[in-house]
Amino acid sequence: MRGQTLRRSLFIIPAVALIFAFAVYPALDTLWMSLWTPAGEFDPVANYSEVLGERHIINRRGFEAGRFPFGALPHTFIWIGIHLPLTTFLGLLLAVLLQRVRGSGIIKSIIFLGMVIPMVVGGLVIRFMFDGDLGVVNQLFGALGMQTRTWTAHPNSALLALIFGAVWLWTGFSLVLYSSGLATIPKDFYEAARIDGANAVQIFFKITFPLLKPITVVVVVMTVIWDLKMFDLVYAATMGGPGGSSNILAFQMWRYAFQQFNFNHAAVVAVLLFVITVFVAIPLVRRAR
Amino acid sequence: MSPRRKRVLHTVFTHALAWGIGLLWLIPFIGLVMTSARPFAEVIGGWWNLEPFSPTFANYIEAWNHRDAPLSLGMMNSLIVGVPATLMPMLLGAIAAYGFARFSLPLKNYLFVTIVLLMALPPQMIAIPVFQIYQSAGLLNTLYSLIIIHTVWGLPWIIFFMRNFLSTVPEDIEEAARVDGASDLTVFLRIVLPVTVPALVSVGVLQFMWVWSDFFFPLIFVFDADKAVAVRQLPMLRGVYLVDWGLLTAATVMVMGVPVMLFALLQRYYIRGMVGWTLR
């Protein structure tokens with residue numbers, strides 16, 4: 001029996017060994033690194049407070065003046081705060097709208113393209129759409145008599161331009177998940193509600209939305225995880241600029257680690273990202289077991 | 001208004017709205033293609049100006065043979081990384097998933113929870129130590145570094161996905177084969193593997209597209225221009241002060257063309273993979 005257990009362990013050992021060598025150990029090492037200051041002293045409090053006091057992470061001047069940049073940490077929360085509700089509800093509304101539309105498969109595929117293309121491409125397209133000369137957004141704003149400029153190159157609009165671009169890219173995700181969820185709701189529910197005299201809005205809030213709650217959980221968790229590790233979009237569209245006004249945590253981690261080679265500060269940012277991710281992912285991990 | 005007319009109006013309105021939104025979502029892609037397929041002088045005032053309109057492949061050819069970052073080379077590098085970084089985790093992941101689904105092994109449940117947790121691990125959390133491992137192993141600035149990290153990075157979700165798939169497959173046939181004296185490996189190769197083909201196709205499509213699209217690992221582990229994967233080349237083509245949008249959009253269309261075509265061909269598997277991976 002021992003021999004059998006050993007032989008059967010060989011099924012999982014190669015994968016588990018690789019995972020431990022290149023994911024578990026590195027993650028623990030990063031955690032360990034974050035406890036040391038760049039000067040080489042074991043002082044977790046000093047290292048963390050040093051990073052949190054950095055103007056790239058939290059920019060007190062920005063808050064005093066009330067304008068960008070506010071720092072990577074607040075920017076990340078602004079990003080999630082705008083991007084998460086917008087994509088989630090837009091996807092849900094579109095899924096409901098497309099239920100009884102002919103050719104909805106094509107429309108869904110078009111909207112889902114944003115999930116299929118590389119994120120760097122997404123970033124370049126955002127830069128392209130908001131460009132001062134070639135950008136279609138400017139054309140529209142110009143026609144409406146509004147200000148035109150390269151939106152990704154201005155402090156007050158760079159982060160927002162990225163966020164709206166991310167909405168364009170990510171809405172397909174919630175749309176597809178909600179669509180597959182809608183297909184599982186029995187038609188009887190709707191008929192019964194209609195016979196009882198419920199209107200469309202009531203049906204949506206009393207039947208559709210509650211029944212789709214498990215999907216909402218998945219969409220919310222996955223969207224936040226995606227937002228937190230968002231890097232390519234920023235790199236391709238703005239490089240965090242101008243003046244750090246579209247900088248977010250994942251990007252600042254790269255700047256600490258691979259521009260300044262300040263591994264200890266980078267590790268703190270990575271751990272911050274990880275802690276928020278774990279916190280958000282708890283409901284999903286619970287279900288997976 | 002009669003109920004019938006109201007219903008017709010409603011249908012017309014929903015269709016117009018839905019197709020309008022679809023078109024809105026498509027505009028950036030139309031812009032990309034329109035800019036890439038014309039001389040830059042024509043689109044400088046906006047790609048929507050169709051006068052004059054002289055389609056040309058010049059931008060595509062220039063991007064393909066570019067002096068600093070030829071896309072022909074980048075695409076090749078992407079394939080050299082992408083094919084093994086898809087097949088290896090598929091194989092290792094399927095074998096491990098079978099172990100997790102069918103055998104009772106010591107620490108199995110703890111290991112599985114760890115693996116599930118790792119699916120949410122941000123790549124930033126492993127970047128520095130892996131960089132240091134590669135540095136001391138002499139793997140930095142090689143395509144091997146990408147093959148290894150993508151193999152590892154794919155394993156957790158592939159194991160998770162395949163284990164869930166296997167738990168829906170009845171065990172009877174495997175048991176019968178075991179009674180007939182087949183070994184665990186024979187059972188896996190002859191009976192289980194053929195049944196998992198549709199799931200494996202889903203896994204392969206998703207994994208290949210992610211490896212193709214990933215930018216963070218190629219950026220931090222590989223530095224030489226001639227070893228850059230296609231996605232990594234795009235920012236190199238951007239230029240520092242002036243953006244040559246014609247060249248850049250042509251390269252962009254080609255780089256995204258691969259996953260988009262895969263998606264178009266294997267959409268069923270892609271969606272099933274993504275929905276199954278996230279919803280179960």
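This is a predicted model: local features need pLDDT of at least 70, side-chain atom pairs count only at pLDDT 80 or more; totals for chains, interfaces and linings use all residues.

Now use the rule on Met239(A). Met239(A) has 16 C-beta neighbours inside 10 Å, so it counts as partly exposed. You will find Met239(A) in the loop between helix H12 (232-237) and H13 of chain A. What stands out about its backbone angle phi? The phi of Met239(A) is near 55°, a positive value in a residue other than glycine. As background, most residues other than glycine have a negative phi, and most peptide bonds are trans.

The peptide bond from Phe68(A) to Pro69(A) is cis, with omega near -5°. Pro69(A) sits in the loop that joins H3 to helix H4 (72-98) of chain A.

Let's stay with loops for one more residue, Ile58(A). Its place is the loop between helix H2 (44-53) and helix H3 (60-65) of chain A. Is Ile58(A) buried, exposed or partly exposed? There are 17 other C-beta atoms within 10 Å, so Ile58(A) is partly exposed. If we set aside neighbours within four places in sequence, Ile58(A) is in contact with Leu52(A), Gly71(A), Leu73(A) and Pro74(A).

Helix H8 (residues 155-182) of chain A has 28 residues and reaches 41 Å from its first C-alpha to its last. That span is close to the 40 Å expected at 1.5 Å a residue. Even so, H8(A) has a kink of about 40°, centred on Leu169(A). How many residues of H8(A) are buried? The count is 20 of the 28, so H8(A) is largely enclosed by the rest of the structure.

The largest nonpolar core has 176 residues. Leu162(A), Met253(A), Val269(A) and Leu273(A) are among the residues with the most contacts inside this core, and so are Ala96(B) and Ile159(B) from chain B.

Now zoom out to the whole of chain A. Its secondary structure comes to 14 helices and 0 strands. The C-alpha trace spans about 75 × 70 × 30 Å along its principal axes. Of the 289 residues in chain A, 47% are buried. Among the contacts in chain A with a separation of 6 or more, 66% are between residues 24 or more positions apart.

How is chain A divided into domains? Domain 1 is made of two stretches, 14-53 and 248-289, while domain 2 covers 73-244. The centres of domain 1 of chain A and domain 2 of chain A, taken over C-alpha atoms, are 29 Å apart. Where they touch, domain 1 of chain A contributes 12 residues and domain 2 of chain A contributes 16. On the domain 1 side of this contact, helix H13 (249-259) and helix H14 (263-288) of chain A each supply at least two residues. H14(A) provides the largest share of that side, with 7 residues. By type, the domain 1 side divides into 11 nonpolar, 1 polar and no charged residues.

Finally, let's see how chain A meets its partner. The contact takes 74 residues from chain A and 75 residues from chain B. Which helix gives the most to the side of chain A that touches chain B? The answer is helix H1 (residues 2-33) of chain A, with 20 residues. The residues on this side of chain A divide into 58 nonpolar, 7 polar and 9 charged.

How values were computed:
Residues are numbered from 1 along each chain as its sequence is written. Chains are lettered from A and ligands numbered from 1 in the order in which they are written. A nonpolar core is a set of buried Ala, Val, Leu, Ile, Met, Phe, Trp, Tyr and Cys residues joined through C-beta atoms within 7 Å. A residue is buried if 20 or more other C-beta atoms lie within 10 Å of its own, exposed if 12 or fewer, and partly exposed in between; C-beta atoms are placed from the backbone. Helices (H or I, at least four residues) and strands (E, at least two) are DSSP runs, numbered from the N terminus. Two residues are in contact if their C-beta atoms, placed from the backbone, lie within 7 Å. Domain bounds come from an automatic or database domain assignment. Ala, Val, Leu, Ile, Met, Phe, Trp, Tyr, Cys and Pro count as nonpolar, Asp, Glu, Lys and Arg as charged, and the others, Gly among them, as polar. The expected span of a helix is 1.5 Å times one less than its number of residues. The bend at a residue is the angle between axes fitted to the seven residues ending there and the seven starting there.
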